[in-house]
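Here's a quick briefing to read with the model open. Have a look at the sequence and the coordinates first, then come back for the details.

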Amino acid sequence: MTRLRAFLASERNTRPAVSSQARTTAALNCFFRPLIEEERLLRDSALPLRTPKKPEVLPDVLTMRELERLLGQTSRTDVWERHFAGKPERDRLLL
């Protein structure tokens, strides 16, 4: 158990990304699981290891100015030729 923790601590230095640490912990769990199921080991040394969680980040959003500019593009006639009158409204609703 202490060797696994030491290994994970050294991995944290070489691969600081939380996703890499989580993959390493998951790989250790997957390695020990069949050994326990086949009764080659008495206890799962990787069971107490905690998987690090990635911090949740809110997605980037458009500003009001950017949104107005985007929606304004649907009424441009110089970009493409429109054959039906309702297409700018439809495109605006889709966006």
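Is Arg90 buried, partly exposed or exposed? Arg90 comes out as partly exposed, because its relative accessible area is 41%. Keep in mind that this is a predicted model.

**Salt bridges**

- You'll find three salt bridges in the structure. As a reminder, side chains of opposite charge can pair when their charged atoms come close.
- Arg90 pairs up with Asp91, and their closest N and O atoms sit 2.6 Å apart. While Arg90 is partly exposed, Asp91 is buried, because its relative accessibility of 14% is under the 20% cut-off.
- Glu11 and Arg15 make another of these bridges, with 2.3 Å between the closest N and O atoms. Glu11 counts as buried at a relative accessible area of 13%, whereas Arg15 is partly exposed at 44% relative accessibility.
- Glu38 and Arg40 are also bridged, with the closest N and O atoms 3.0 Å apart. Arg40 is exposed, since its relative accessibility is 63% and the exposed class starts over 50%.

- Glu39 isn't a glycine, yet its phi is positive, at about 60°. For context, most residues other than glycine have a negative phi.
- Where does Glu39 lie? Look in the loop that runs between α2 (18-37) and α3 (64-72).
- Glu39 is exposed as well, because its relative accessibility reaches 69%.

- Asn29 is part of helix α2, and it counts as buried because its relative accessibility is 18%.
- Which residues does Asn29 touch, leaving aside those up to four places away in sequence? Its contacts on that basis are Ala46 and Leu47.

- Leu67 has a relative accessible area of 31%, so it counts as partly exposed. That value is also over the 30% that a residue needs to be part of a patch.

Note on methods:
Residues numbered from 1 in each chain as written. Predicted model: local features only at pLDDT ≥ 70, side-chain atom pairs only at ≥ 80, totals over all residues. Heavy atoms only, no water. Helix = DSSP H or I, 4+ residues; strand = E, 2+ residues; numbered from the N terminus. Buried < 20%, exposed > 50% of the residue type's maximum accessible area, 1.4 Å probe, protein only. Contact = heavy atoms within 4.5 Å. Salt bridge = Lys/Arg side-chain N within 4 Å of Asp/Glu carboxyl O.
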